[in-house]
Amino acid sequence: MTLPLITVTKQGLYCKAGDFYIDAWKPVELDLVTHAHSDHARSGSTKYVATAVSEGILRKRLGQDIDLQGVEYGEKIKLGETWVSFHSAGHVLGSAQIRIEHKDNVWVASGDYKRCADPTTEPFEVVPCDAFITEATFGLPIYQWQSGAATAKQIYDWWQSDLSRPTLLFCYAFGKAQRVLAELRALTEQPVYLHGAVQNLVETYRDAGVEMVGTVPVSEMERKYKFEGDLIIAPPSAHRSPWMKRFKHPQTGFASGWMAVRGNRRRRGYERGFILSDHADWPSLIKTVRETGAKQVYVTHGQNDVLSRYLSEIEGVDAQPLETLFEGETES
Ligand SMILES: [Zn+2]
Ligand SMILES: [Zn+2]
């Protein structure tokens with residue numbers, strides 16, 4: 001019986017053989033970051049390692065002067081007694097699973113991931129391993145996604161259905177907004193107007209070579225401009241904020257995986273809900289666990305007890321929930 005390569009400590013997921021943390025939630029000496037969402041990338045650590053693609057966003061979020069080593073996907077680096085490499089997770093720009101090799105033992109920490117096509121990120125790579133740490137943000141059978149292109153078409157049709165007023169789409173400013181803008185390329189050449197929080201990250205995506213529809217910051221428009229027939233994208237935090245006074249009688253919608261649950265849309269006060277998530281749905285969680293060939297599975301985020309029970313009882317793998325501070329698809 002070999003000891004687990006990664007354990008949960010007060011600071012975060014820790015690999016003793018390599019003396020590093022993965023997505024630490026407290027400041028540590030060496031933090032390997034799967035991606036730049038705020039529950040996975042936290043400030044204050046002495047040194048960070050992440051994919052070179054995510055460097056722009058990480059510096060924007062954690063500070064321009066952090067000590068950050070950028071690595072290519074698949075590049076192997078030696079840390080302590082381990083070999084470590086980053087592999088695409090298909091979640092957001094620059095997102096990675098982290099593969100750790102120690103003697104004959106291979107572990108993969110997935111961070112957040114999805115299997116649906118997304119024009120803003122490299123596709124998910126299946127990395128064979130002995131132990132797999134999976135997320136389970138949407139780990140219930142009710143969560144099953146259609147393609148991002150199909151959801152973008154629904155958003156486009158909704159926008160076009162009333163051109164007499166502004167159309168306000170709320171979604172997560174990092175990842176989701178850029179994915180919608182990239183999918184809209186196939187449907188329109190009209191520019192989309194952006195809240196400042198979205199604009200900021202759209203620029204980083206453009207710098208990384210991601211193609212999206214043309215965008216204009218809302219703040220650059222004249223005061224008397226009415227946005228009639230325009231699509232505006234903003235983060236959920238702007239919903240029902242003073243910022244919304246800029247728009248007269250807008251139609252409002254929210255794009256999120258949580259829109260798959262009846263009642264969530266009305267409870268949050270949106271007229272329309274669009275199901276779009278950057279996390280794996282239930283069938284892809286199970287498919288991914290199978291494809292890695294992992295005999296041991298640790299489940300983090302959200303529905304970790306349901307998924308680990310399913311994996312143990314139905315799939316026959318040794319699965320258990322792992323308590324972490326990762327939050328899943330949040331609104332902040
Ligand atoms: Zn994430
Ligand atoms: Zn997460």
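Predicted model: local features only at pLDDT ≥ 70, side-chain atom pairs only at ≥ 80, totals over all residues.
**Figure 1. The pairing of β13 with β15.** Strand β13 covers residues 192-194 and strand β15 covers residues 231-234; the two run parallel and are joined by two bridges. Leu194 stands opposite Ile233 of β15.

**Figure 2. The surroundings of Gly139.** Gly139 is placed in the loop that runs between β11 (131-135) and α2 (148-160). Gly139 counts as buried because 27 C-beta neighbours lie inside 10 Å, and the cut-off for a buried residue is 20 or more. Apart from neighbours within four places in sequence, the residues in contact with Gly139 are Trp282, Leu285, Gly302, Gln303, Asn304, Val306 and Leu307. Tyr156 is 17 residues from Gly139 in sequence, and the C-alpha atoms of these two residues are 29 Å apart in space.

**Figure 3. The contact between the two domains.** Domain 1 consists of two segments, 6-142 and 278-321, while domain 2 spans 148-274. A distance of 29 Å separates the C-alpha centres of domain 1 and domain 2. The contact takes 17 residues from domain 1 and 16 residues from domain 2. On the side of domain 1 that touches domain 2 there are ten nonpolar, four polar and three charged residues.

**Figure 4. The whole protein chain, for orientation.** Seven helices and 19 strands make up the secondary structure elements of the protein chain. The radius of gyration is 20 Å, close to the 20 Å given by the globule rule for 332 residues, so the chain is as compact as a globular protein of that length. Along its principal axes, the C-alpha trace spans about 70 × 45 × 30 Å. Of the 332 residues, 48% count as buried. Among contacts between residues at least 6 apart in sequence, 60% join residues at least 24 apart.

Definitions and conventions. Residues numbered from 1 in each chain as written. Chains lettered and ligands numbered in written order. Helix = DSSP H or I, 4+ residues; strand = E, 2+ residues; numbered from the N terminus. Buried ≥ 20, exposed ≤ 12 C-beta atoms within 10 Å, placed from the backbone. Contact = placed C-beta atoms within 7 Å. Domains from an automatic or database assignment. Nonpolar A, V, L, I, M, F, W, Y, C, P; charged D, E, K, R; others polar. Rg over C-alpha atoms; globule rule 2.2 N^0.38 Å. Pairing = 2+ DSSP bridges.
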